[in-house]
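Please read it with the structure open alongside.

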Amino acid sequence: MANHDELDRINTGIFGLNDILGGGLPAGQMYLLEGDPGTGKTTLAMQFIMAGVQRGESSLYITLSESKAELEGSALSHGWDVRQLPISEFIPAEASLTPEQQYTVFHPSEVELAGTIQKLTQLIDDLKPERLVIDSLSELRLLAADTMRYRRQLLALKHFFGGRDTTVLLLDDRTAEGSDMQLQSIAHGVIRLEKMRRTYGVTRRQIEIIKLRGSAYREGFHDYMIAKGGLNIYPRLVANEHSTTFAGERIQSELPLLDRMFGGGINRGSSTLLIGPSGCGKSTLAMVYAYAAAKRGDRAIVYAFDEILRTAQDRAESLGMPVRSEIARGTLAMSQVDPAELSPGEFAWQIRRDVEEKDTRVVVIDSLNGFLMAMPGENDLSLHLHELLAFLNQKGVVTFIIYTQHGLVGSMLTEVDVSYLADTVMLLRYFEAEGSIRQVLSIVKQRVGPHERTLRELSMGKDGVVVGEQLTSFQGVLTGVPNYTMNHNE
């Protein structure tokens, strides 16, 4: 009986939803799928029915709101074969044109709720579906004289399905006030789809399992999107579910003085935050390590939020890093990310797939400012980033996060403090000396192993990326306006 729970679950047809539910919906129960118009309830329900058809299960989609032609049009827009969708529609009598439609045609405008449910149950008795969708409850609610009667009929419907091996999905558009809790108490499980308003870009959508009796599931909100082919659901990342073992080692760049600052290289399974003003070399330093890893044969990927890929590649090439050859070899990838078109859950899912399926060893997120734009609030950013970094660390991935501070010299401002999340923090600054603007870098934090507590000058030009010797003749470099000091031996 060890697999009893697994055998009693049915595939919903959506990988991400199966993952959230712990393998699928417990079979033979009645579920409520609720959400405002436009959240994708019908699409999810059709995927649920098609999954049953593809597995040879008897399935039925009863529509009370949209016509069969409208549903088939939606299915065609997703590239589905409408002949696989067993749809029964409740329509007015004059819309019935052929005798073949008669066994699926009812007349809700001419009968009361009890009569409609009686004919509905008769159809179910005749066809005996293993999967059933009723879309939607708002039409049944309109036929009820009052809320109490509507609730009694739903209870009767639940008892009707109690003696059958039918998994039922009831769709509700949440247009009725005061009925949500009643519906939720009747159903064995409740799935809610929601849309979140954004002032710019695509609508962010989230799915939540409100309840699932007698079964564990992944709680919280999970991002999803409606694309051609149906709903793509991205389960919330839980780092503790992905613990692995890996060899402890340090990865190195091709700049010995840079590696020395980290105590001989960057620890595998750690995250490094590169923080500083715009244009000071943060992206370049991250690319130095990504390119060095790619040359060694360790796959690296750069997620670029802020910069066009062609520009980033041209800059790297001009600094002596022929990244395009590594991209052609498949050891380096660069992905353009548009925060207006992305949800945090989808981004985390992309990284997870890239690490688990392509064995990526170095990940660069350029930049955290772009990631912040995809978030509804700063608190959510910290939570998402914490789980993402913990997941990458447990997979032995070396992660570089770039964060641009406001300002160029002097006091730097940040929108959100994420330095405590990273294992290592490298600080980059501009400073003025001898009539020119120069750049400096320093490691201000590293959790594992010793690191240099020095300031080194960083230059980028025809000689490539150069990390210089320790700056010993200046004081106040990090303030942006240093003072020249005499050598101590003088």
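## A central strand and its partners

In this predicted model, E194 has Q206 of β9 as its bridge partner. The pairing to which these residues belong joins strand β8, residues 189–196, to β9 in the antiparallel sense, and it extends over eight bridges. On to β10, β9 also pairs in the antiparallel sense, here over four bridges, and within this second pairing I207 has H222 of β10 as its bridge partner. Strand β9 is mostly covered, since eight of its nine residues are buried.

Whereas β8 and β9 pair in the antiparallel sense, strand β6 (residues 131–135) and strand β7 (residues 167–172) pair in the parallel sense, over five bridges. I134 stands opposite L170 of β7.

## Helices lying across the sheet

## Helix α11 and its buried side

Which residues of helix α11 (residues 309–318) are buried? They are L309, A312, Q313 and A316. Because these residues cover an arc of only 95° around the axis, they are on the same side of α11. The face turned away from that buried side carries R310 and S318, which are exposed.

The cover over the buried residues of α11 includes two helices, α10 (282–296) and α12 (323–329), together with the strands β15 (300–304) and β16 (332–336). Just after α11, G320 takes a positive phi of about 85°.

## Nonpolar cores

The largest nonpolar core has 42 residues, and those with the most contacts inside it are L258, L285, V362, F400 and M426. Helix α10 gives the most to this core, with nine residues; α10 is also among the elements that cover the buried residues of α11.

For V362, when its neighbours within four places in sequence are left aside, the residues in contact are I251, A290, A293, R299, A300, I301, V397, V398 and F400. Apart from this core lies another, of 34 residues, among them A239, V355, L368 and L372.

## Totals for the protein

The protein has 15 helices and 24 strands, and of its 490 residues 54% count as buried. Among contacts in the protein with a separation of 6 or more, 68% are accounted for by residues 24 or more positions apart. The protein exposes about 22400 Å², of which carbon and sulfur atoms supply 50%.

Methods
Residues numbered from 1 in each chain as written. Predicted model: local features only at pLDDT ≥ 70, side-chain atom pairs only at ≥ 80, totals over all residues. Heavy atoms only, no water. Pairing = 2+ DSSP bridges. Buried < 20%, exposed > 50% of the residue type's maximum accessible area, 1.4 Å probe, protein only. Arc of directions from axis to C-beta. Contact = heavy atoms within 4.5 Å. Core = buried A, V, L, I, M, F, W, Y, C linked by side-chain atoms within 4.5 Å. Areas by Shrake-Rupley, 256 points an atom, 1.4 Å probe, with all protein chains shown as cover.
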